[in-house]
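Hello,

Here is the structure I promised to pass on. Have a look at it first, and my notes follow below.

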Amino acid sequence: MGGFLEFIIEQLISLMVLAIIVSAILSWLVAFDVINLRHPVARQIVMFLDAVTRPVLRPIQRIIPPLGGFDISPIIAIIVLQAAGQYLVPWLFSLVAPVIG
């Protein structure tokens with residue numbers, strides 16, 4: 001049971017990293033006017049990704065504002081999420097595994 005929960009949490013972290021990457025790329029495409037937000041599908045995708053990534057990126061953006069118009073919060077969030085997925089989650093489940101089986 002513990003291995004399954006660890007796998008699910010690691011996959012959710014991977015999906016969040018992917019969502020952050022796609023959101024950053026889409027923001028560049030919107031900024032360079034490659035994608036028009038007046039298109040309903042494009043607008044829904046951008047709004048969905050913003051809603052998914054906002055809880056992770058906003059606390060970082062409060063601490064580190066954009067530097068010269070360049071937002072580095074996605075880079076920091078990806079580093080923190082990758083570290084959590086590779087080191088923190090296995091360590092926590094090694095402590096909890098004997099309890100939950």
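A word on terms to begin with: helices (H or I, at least four residues) are DSSP runs, numbered from the N terminus. Please keep in mind that this is a predicted model, in which local features need pLDDT of at least 70 and side-chain atom pairs count only at pLDDT 80 or more, while totals for chains, interfaces and linings use all residues. Residues are numbered from 1 along each chain as its sequence is written, and side-chain values use heavy atoms, with hydrogens and water left out.

Let me start with the loop between helix 1 and helix 2, where Asp33 sits. Its phi is near 60°, a positive value in a residue other than glycine. Most residues other than glycine have a negative phi. Asp33 counts as exposed because its relative accessibility is 61% (exposed is over 50%, buried under 20% and partly exposed in between, with a 1.4 Å probe and protein chains only).

Now to the inside. Leaving aside neighbours within four places in sequence, Ile13 is in contact (heavy atoms within 4.5 Å) with Leu81, Ala84, Gly85 and Val89.

Thr53, in helix 2 (residues 40–63), counts as buried because its relative accessibility is 1%. Beyond its neighbours within four places in sequence, Thr53 is in contact with Met16, Ala19, Ile20 and Ser23. Ser73 belongs to helix 3 (residues 73–100) and counts as buried, since its relative accessibility is 1%. With neighbours within four places in sequence again left aside, its contacts are Leu57, Ile60 and Gln61.

Finally, the largest pocket has a volume of about 480 Å³. On a 1 Å grid over the protein atoms alone, a pocket is an open set of points where a 1.4 Å probe fits, with protein on both sides within 12 Å along at least five of seven lines, and lining residues have an atom within 4 Å of a point. A volume is the space filled by probe spheres set on the points, which are joined across faces, edges and corners. Of the 21 lining residues, Ser23, Ala24, Ser27, Asp71 and Pro74 lie nearest the centre of the pocket. Helix 2 gives the most to this lining, with eight residues.

Best wishes

Conventions: Helices (H or I, at least four residues) and strands (E, at least two) are DSSP runs, numbered from the N terminus.
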